[in-house]
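Here is a short report for a reader who is new to this structure. Please look over the sequence and the model, then read on.

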Amino acid sequence: MSSICIITALPAESRVFIDALKLKPILDHGWRLYGNSEHLLLQTGLGKLKACAATSALLHHRGDISAIVNAGIAGGLAPVGTTLLGHQIVDQGSGYNGYPHLPPQRVVQAIPTTIVETLEKPSSDYRAGVVFDMEASGIMSAAATYLSSGSMQFVKVISDNSETPLEQFKPSTVTPLVELALPTVLQLLEWFAQDSHAVQHQHDIKTYAEQVASCVHHTVNDSHQLLRLLQQYRTLAGELPEYSSLSHFENATALKQHLHRAIASMPLDYGKTS
Amino acid sequence: MDTIYIEHEVAEHPRTLRICARYPKARLIPIARYSDVFNARVQNFREQKQNPSLILAKKPGKLIHPTPPGYHIGGTNNYYFSHMLNCVYDCRYCFLQGMYQSANYVVFVNTEDFLEEIKRTANAHETPSWFFSGYDCDSLALDPITHFVNDCLDYFESVPNAFLELRTKSTQIRPLLNRDALNNVVVAYSLSPASIVQEEEHGTPSLEKRLDALKTLQDKGWKIGLRFDPLLYADNFSELYSQFFDQVFDALDMTQVHSVSLGVFRLPKGFHKKLVRLYPDAKLLAAPLSLRDGMMTYPMDEETTMRELCMEKLSSVISPEQFFPCS
C-alpha cells in the first residue's frame with residue numbers, strides 16, 4: 001500500500017494533521033514521524049537543511065511514499081490566514097527553482113497560487129506574488145530525486161505581512177492558522193490517493209519479480225528483463241503467472257526463455273473484425 | 001484549461017490576451033522562459049497528461065527545420081515547423097512521450113515570425129518547398145484556441161511556391177470549410193483501424209468521424225492526404241487492416257487523394273525505453289519488437305508481411321505517384 005506524506009517544520013503545524021488524521025507516533029530512525037495506514041507526517045524541524053535531510057532520508061527509506069504535501073506558515077503580502085498553493089519554489093540562497101505541477105482547480109477549489117521563496121532567516125521584505133518560508137526548497141530538492149513534480153505540493157498559510165509584521169507574530173497562532181489550510185491539504189491527500197492505484201499496480205509486479213529473483217540467481221540485467229517480461233505477460237494474459245510455475249527453473253536464462261515462449265503464444269488482437 | 005503559464009515577453013501579445021480571455025477562470029502564472037517549466041526535470045508525462053497546463057511563449061531562434069530523411073510527399077525541399085509542442089490526444093505510440101519531459105502544451109504566439117521564415121526559406125529555392133505542420137503537435141486539434149490555421153492559410157495563399165501539409169487526427173475543420181480550398185495545402189489525416197483507435201489512440205475522434213471530415217474536405221475541393229502510420233502489429237493484422245482499408249476506400253474518392261504514406265510502428269531506442277517506463281502495461285509494447293538501426297520496431301519479416309498486405313490493398317485503388325512509404 002502506498003503512503004502520502006505531509007511534511008511540516010514545527011510541532012504546532014504538525015498538531016493540526018496529527019489530530020485530524022488520528023496519526024500515531026512511529027518510533028524509527030530518530031525521526032519525528034507519525035502515521036496511520038494511508039498517511040505519514042514528517043516533522044523536519046526549522047530550516048531548509050533540516051527539511052532537506054529529513055525528507056531525503058525518509059523517501060530513501062520508504063519507497064512506498066507516492067506523494068508529499070508540505071504544509072506550513074509563510075510571510076507575504078496577502079491577509080493573515082490566506083491559504084496559498086505554491087506554483088514555483090525558489091531557493092534564495094542557491095537560486096534553485098522548481099515548478100510543482102499543480103492539481104486541477106476542482107481539487108483545491110481555486111485557491112490562489114504563489115511563488116514560495118525559501119530563505120535562511122525570516123524576512124519582512126514582503127513582495128507581491130511571493131511568500132517566504134524556510135523549508136520548501138529543501139523539501140522539493142530532496143523529493144525531486146524520488147518523486148515527480150506532480151507528486152509534491154506546497155500549501156502555505158500567511159502568518160505575517162506588512163500589517164502584522166514578524167515582531168507581532170505570536171507562536172500560539174500557528175496551530176489555528178494551519179487549521180485554515182487543513183481542508184486544502186485533505187483535498188490533496190484524497191486526490192493523491194486516487195492517483196496512487198497505478199503506482200500500486202506496478203509496485204505489485206516489482207514485488208513479485210523480486211520474489212521470483214530470490215529463488216533463482218539473477219544479475220541486475222536479468223532482473224530488469226524479468227520485470228519487463230512479467231509486465232508484458234500481465235498485459236497480454238491479464239494476470240501474472242502462477243508463482244509455482246516460475247520457481248523451479250535452474251537459472252535466469254531458462255526462466256526468461258520460458259516467459260518469452262509463454263508471451264509469444266498469447267494472442268495479441270485488436271477488436272473484432274467480423 | 002486550468003493553468004496557463006505566460007512568458008513575460010508575450011504577456012501583452014494580442015494572441016496571449018485572446019487565449020487568456022477564453023479561460024477566465026484559469027490560473028495565470030508568469031514565467032521567464034517556457035523551457036523553465038516545460039523542460040524541468042522530474043516531470044511525469046503520464047501524470048501530467050491527466051491535467052495538462054498551457055504555456056504561452058515566444059519561440060526563439062530557428063523556427064523552420066529540414067525534415068528527417070524519408071519524410072516527404074514528393075517534394076525536394078522539405079521542412080517542418082512546430083508552432084505548438086505536444087498534442088491534446090493521448091496516443092500510446094506517440095514519440096512525443098519519449099521526446100518531452102512534459103505533457104503540457106506549449107503554444108508559440110509569434111506566428112508571424114514562423115510565416116516570415118517560411119517565406120524566406122521558400123524564396124531561397126527555385127523549386128517548390130514543402131512545409132510540414134503537425135510534427136510535434138496536431139495541426140488542427142487546438143485551432144479553436146490558437147487560430148493558427150486561418151493565420152497560416154492567409155499567408156500561404158500569397159506564397160504559391162510554398163506547400164503546406166496540415167497533419168491531424170482532429171475534426172476541427174471549420175476554418176478550412178469557411179474558405180476556398182488552396183492549391184498548395186494538403187490536409188493529411190492519420191488513420192488506424194477503429195479498434196486500434198479505441199485501444200491505443202485515447203481521446204481522438206473515431207475513425208468514422210475522421211473519414212467524415214476527410215470526405216467533407218474532399219467534397220469542398222481540399223487536397224487530402226492519408227497517413228497509415230504507424231501500422232501496429234496484431235495477430236489478426238490481415239483481417240483487421242483489410243477491413244479497415246475497405247472502409248477507407250468506401251468513404252473516399254481514392255483517385256483524388258493527393259498522397260498516401262505508410263509506415264510501421266518505430267521508435268528510437270531511448271524513446272521506447274521511456275515509453276515502457278511510462279506505460280509498462282501498454283498492449284502495443286507487448287508486441288514482439290527488436291532493435292534495428294537504432295530503432296525499436298517489428299522484426300524485418302513481420303514488417304515485410306505487414307507492408308505487403310497494405311501495399312496489395314492500396315495498389316488496387318491508388319497510383320504509384322500517390323504513394324510515399326515512410327522509412
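In chain B, strands β11 (residues 185-190) and β13 (residues 223-231) run parallel and are joined by five bridges. S190(B) stands opposite R227(B), a residue of β13(B). This is a predicted model.

Both strands belong to an open sheet of eight strands in chain B, with the order β4-β5-β9-β10-β11-β13-β14-β18. The pairing is mixed. β4 (64-66) and β18 (323-325) of chain B are the edge strands, and each pairs on one side only. On average, neighbouring strands of this sheet are turned by 25° against each other, direction ignored.

Helices pack here too. Helix α5 (residues 111-123) of chain B touches β4, β5 (77-81), β9 (129-133) and β10 (162-168) of chain B. Helix α7 (residues 148-156) of chain B lies across β5, β9, β10 and β11 of chain B.

Chain B also has an open sheet of three strands. Its order is β15-β17-β16, with antiparallel pairing. Why is one side of β15 (266-268) and of β16 (290-292) of chain B left without a neighbour in the sheet? Both strands stand at the edges with a single partner strand each, so one side of each has no neighbour there. Neighbouring strands of this sheet are turned by 35° against each other on average, direction ignored.

β15(B) pairs with strand β17 (residues 295-297) of chain B in the antiparallel sense, over three bridges. Here P268(B) stands opposite M295(B), which is in β17(B). Helix α12 (residues 269-278) of chain B lies across β15, β16 and β17 of chain B.

| Helix (chain B) | Strand (chain B) | Angle between directions |
|---|---|---|
| α5 (residues 111-123) | β9(B) | about 155° |
| α7 (residues 148-156) | β10(B) | about 160° |
| α12 (residues 269-278) | β15(B) | about 100° |

Now to the meeting of the two chains. The size of an interface is often given as the accessible area lost when the parts come together. Between them, chain B and chain A bury about 3,100 Å², and 51% of that is on carbon and sulfur atoms. In chain B, the residues that lose the most area to chain A are R27(B), V42(B) and P280(B), together 20% of what that side buries. The contact takes in 40 residues of chain B and 32 residues of chain A.

How many residue pairs are in polar contact between chain B and chain A? The count is 19. Salt bridges across this interface number zero. Several elements of chain B each supply at least two residues to the side that touches chain A: β1 (3-7), β2 (27-31), α2 (34-38), α3 (45-49), α9 (194-200) and α11 (237-251). α9(B) gives the most, with four residues. By type, the residues on this side of chain B divide into 19 nonpolar, 10 polar and 11 charged.

Salt bridges do occur elsewhere. Side chains of opposite charge can pair when their charged atoms come close. Over all chains, the whole structure holds 25 salt bridges. One of them joins the side chains of K48(A) and D91(A), at 2.9 Å from N to O. K48(A) lies in helix α2 (residues 48-61) of chain A, and D91(A) lies in strand β6 (residues 83-91) of chain A, so the pair ties together parts that are 43 residues apart in sequence.

Methods:
Residues are numbered from 1 along each chain as its sequence is written. Chains are lettered from A and ligands numbered from 1 in the order in which they are written. This is a predicted model: local features need pLDDT of at least 70, side-chain atom pairs count only at pLDDT 80 or more; totals for chains, interfaces and linings use all residues. Side-chain values use heavy atoms; hydrogens and water are left out. Contact means heavy atoms within 4.5 Å. Buried area is the accessible area (1.4 Å probe) that two parts lose on being put together, summed over both. A salt bridge is a side-chain nitrogen of Lys or Arg within 4 Å of a carboxyl oxygen of Asp or Glu. A polar contact is a pair of N or O atoms within 3.5 Å; within protein, one must be able to donate a hydrogen and the other to accept it, and residues adjacent in sequence count only if both atoms are side-chain atoms. Ala, Val, Leu, Ile, Met, Phe, Trp, Tyr, Cys and Pro count as nonpolar, Asp, Glu, Lys and Arg as charged, and the others, Gly among them, as polar. Two strands pair if DSSP finds at least two bridges between them. Axes are lines fitted to C-alpha atoms, for helices over the stretch in contact, and angles run from 0 to 180 degrees between N-to-C directions.
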